Amino acid sequence: MPDFSVLTDYFDVYMEGFLNTIYASVIALIASFLLGTVIAVFRISSVRPLRWVGTVYVEFIRNIPLLLVVYIFFLGLPLLGITLNGFVCGTIGLTVYTAAFIAEAIRAGIMSVPKGQTEAALSSGLTYVQAMRYVVLPQAVKIVIPPLSNQFLNLVKNSSVLSVIAGLDLMYFGDKVASDTYATIDTYLFVAAFYLVLTLPLSFAAHRLERRLAKHG
Amino acid sequence: MDFAGAFSSDNLRFIFEGFYVTLKVAFLSIVFSFVLGSIVGVIRYMKVPALSQALGLIVELLRNLPLLLLIFMARFALPDVGIQLGPMYAAIVALTLFEGAMIAEIVRSGLNSIDKGQIEAARSSGLGYMRTLWHIVLPQGLRRMVPPLVSQFISLLKDTSLAVIIALPELMNQSKIVIGQNLNYTIPVLLLAAVLYFTVNYALSLVARRLEAKIV
């Protein structure tokens, strides 16, 4: 039976970390969605340099560890005279990393909209941006939502790297409690429970969305 | 930025030793998690009463926890129940369990994607359940699993970097130590680490893409 005093005595500490984990995940989700959309549009753009930038971004970021991306900001920015705390650097790192995956999901969604739609929109006088905004993207969204919900699930789990750079997240505070109390197993079990409270509903929702999409095409 | 200083022969040797540890841990974890994931995936596919559900629960739990937490647990919580693991084994155990759970899902959905008619045909031509699984379902399912499996292996290789928190002397850890000597080494060393990770992973993803093109 786990020692619940480790939970009750330190509840505020867990809560602070829990909330910071949610903040970091939500901020990074919104920011990486915006950045990922821009990169996805770059990747399918007819302008070659833009396409290049998009491809290099996606291929490079997807093939290096998240922790390395986080370190680039955490250790690199101070060299430029910019000092940000672990939470901010970690959230920026999460955003930059996740954007590459979201860009790929969005690109796949956009590619799934038949080319004829774009051509029709363009030939009825819409500009490229308008065609994207009013014709292609609204249709792509439906296909993009299941992989996006998976990315959000990953984001919540990945936000634990903040702990490596003292990012004040759930893992960070959990580790603190563990070293304060020496009740290592109990503390980690409570940390696990806090993560599951966030991730299990997300994973359930992602499954359902996927199944619904599979059914209705 | 001091490229010459950062890439002195001592530093390079140190970093490449870390790269070797990264590759070793990744390779061993890939082998173990593939074996574990395949067994669990097949058991779940076969719907063995009780066992399948129990494994399903464990898989769901593992998949929904951060790997970092599992690494911490393997290193710092297991000693409390009498299992003392060094950084290397702790990392391999955590990676094997986490990625094994991911692979179990890949295997299960790969097998589930095989058309029911195939199984019915095999069964009605006299093959037993196990032989149907072995000769009909597995070979076809395996082919569909290859692309997601390779991307899972790429994730695994990237995830080995999380073992810095238990001071496993892998690439990320060694890079940080070199950066600690002199801040002017930061960018060159991080770049080198990025290039090393990128090279292995990109090569893997190219293999995956070729396999995908061949199969589909």
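Read along the sequence, chain B runs α-α-α-α-α-α-α-α-α, which comes to 9 helices and 0 strands. Helices here are DSSP runs of H or I with at least four residues, strands are runs of E with at least two, and both are numbered from the N terminus. This is a predicted model, in which local features need pLDDT of at least 70, side-chain atom pairs count only at pLDDT 80 or more, and totals for chains, interfaces and linings use all residues. Residues are numbered from 1 along each chain as its sequence is written, while chains are lettered from A and ligands numbered from 1 in the order in which they are written.

Confidence comes first. The model scores ipTM 0.91 and pTM 0.91. Chain B has an average pLDDT of 92, and 99% of its residues score at least 70; pLDDT is the predictor's confidence in each residue, on a scale from 0 to 100.

Turning to the overall dimensions, the C-alpha atoms of chain B fill a box of roughly 70 × 45 × 20 Å along the principal axes. Of the 216 residues in chain B, 40% are buried. A residue is called buried if 20 or more other C-beta atoms lie within 10 Å of its own, exposed if there are 12 or fewer, and partly exposed in between, with C-beta atoms placed from the backbone. Among the contacts in chain B with a separation of 6 or more, 77% join residues 24 or more positions apart. Two residues are in contact if their C-beta atoms, placed from the backbone, lie within 7 Å.

Chain A likewise reads α-α-α-α-α-α-α-α-α along its sequence, with 9 helices and 0 strands. Its C-alpha trace spans about 70 × 50 × 25 Å along the principal axes. Buried residues account for 47% of the 217 residues in chain A. For contacts in chain A with a separation of 6 or more, the share between residues 24 or more positions apart is 74%.

The contact between the chains takes 30 residues from chain A and 29 residues from chain B. On the side of chain B that touches chain A, at least two residues each come from α4 (67-77), α7 (129-159), α8 (171-181) and α9 (186-215) of chain B. The most is given by α9(B), with 10 residues. By class, this side of chain B holds 22 nonpolar, 5 polar and 2 charged residues. In this scheme Ala, Val, Leu, Ile, Met, Phe, Trp, Tyr, Cys and Pro count as nonpolar, Asp, Glu, Lys and Arg as charged, and the others, Gly among them, as polar.

Within chain A, two helix pairs are worth a look. Two packed helices are described by the angle between their axes and the distance between the axes. Axes are lines fitted to C-alpha atoms, for helices over the stretch in contact, and angles run from 0 to 180 degrees between N-to-C directions. Helix α2 (residues 11-44) and helix α5 (residues 86-111) of chain A have axes that come within 5 Å and cross at roughly 45°. That makes α2(A) oblique to α5(A), given that angles under 35 degrees count as roughly parallel, over 145 as roughly antiparallel, 65 to 115 as roughly perpendicular and the rest as oblique. The crossing of α2(A) and α5(A) is right-handed; a crossing is right-handed if the near helix is turned clockwise from the far one by less than a right angle, and left-handed if anticlockwise. The contact of α2(A) with α5(A) comprises 16 nonpolar, 8 polar and 2 charged residues.

In the second pair, the axes of α6 (residues 115-123) of chain A and α7(A) come within 9 Å and cross at roughly 125°. This again makes α6(A) oblique to α7(A), and their crossing is right-handed. From α6(A), A:Gln117, A:Thr118, A:Ala121 and A:Leu122 meet A:Tyr128, A:Ala131, A:Val135 and A:Val136 of α7(A). The residues of that contact divide into 6 nonpolar, 2 polar and no charged.

A:Ala166, in the loop between α7 (128-158) and α8 (170-181) of chain A, has a positive phi of about 55° although it is not a glycine. A:Ala166 counts as partly exposed because it has 14 C-beta neighbours inside 10 Å. In the loop between α7 and α8 of chain B sits B:Ala167, whose phi is also positive, near 60°. B:Ala167 has 11 other C-beta atoms within 10 Å and is therefore exposed.
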